[in-house]
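Work through the exercises below with the sequence and the 3D view side by side. Try each task before reading its solution.

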Amino acid sequence: MKVKVDRDLCTGVGNCGAVAPTVFKVDKHNQVVLLDPGSVDDKTLMDAAEACPENAIIIEDDDGNQLYP
Ligand code: SF4
C-alpha cells in the first residue's frame, strides 16, 4: 500500500500520529508530515487513515487505486 497526505485538509488533530507515530508527525504549523510509511504494516496505515477526522490521509494500493477514503 501507499500513503499520501493532503496537507490542505489536515487540521493538525494528531490522531494519525497517535496510531502510527513512526509514520505521521504534526509539525510546528499544525500540519501532518510523513515520516517512514514502511515502518508499519498495512493495517496500521489503514487504522491511522480511518482515525483522521478530515480524511486527509489517502491510502492507495500498489497500482495507485485509491482504497481510502
Ligand atoms: S489525523 Fe488527520 S487532521 Fe489530524 S494531524 Fe493527522 S492528517 Fe492531520
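Predicted model: local features only at pLDDT ≥ 70, side-chain atom pairs only at ≥ 80, totals over all residues.

**Exercise 1: the buried side of a helix**

Task: which residues of helix α2 are buried, and what do the buried residues pack against?

Solution. Helix α2 spans residues 42–51, and Leu45, Ala48 and Ala49 are buried there. These residues lie on the same side of α2 because they cover an arc of only 100° around the axis. The partners of the buried residues of α2 are β1 (2–5), α1 (15–19), β2 (24–26), β4 (57–60) and β5 (66–68).

Now take Leu45 alone. Leaving out residues up to four places away in sequence, Leu45 touches Met1, Val3, Ala20, Val23, Pro37, Val40 and Ile59.

**Exercise 2: the largest nonpolar core**

Task: find the core residues that touch the most other members. Which element gives the largest share of the core?

Solution. The largest nonpolar core has 16 residues, of which Cys16, Ala20, Leu45, Ala48 and Ile57 touch the most other members. Two or more residues come from each of β1, α1, α2 and β4. The largest share, 3 residues, comes from α2. As background, nonpolar side chains tend to be buried together in soluble globular proteins.

Technical notes:
Residues numbered from 1 in each chain as written. Buried ≥ 20, exposed ≤ 12 C-beta atoms within 10 Å, placed from the backbone. Helix = DSSP H or I, 4+ residues; strand = E, 2+ residues; numbered from the N terminus. Arc of directions from axis to C-beta. Contact = placed C-beta atoms within 7 Å. Core = buried A, V, L, I, M, F, W, Y, C linked by C-beta atoms within 7 Å.
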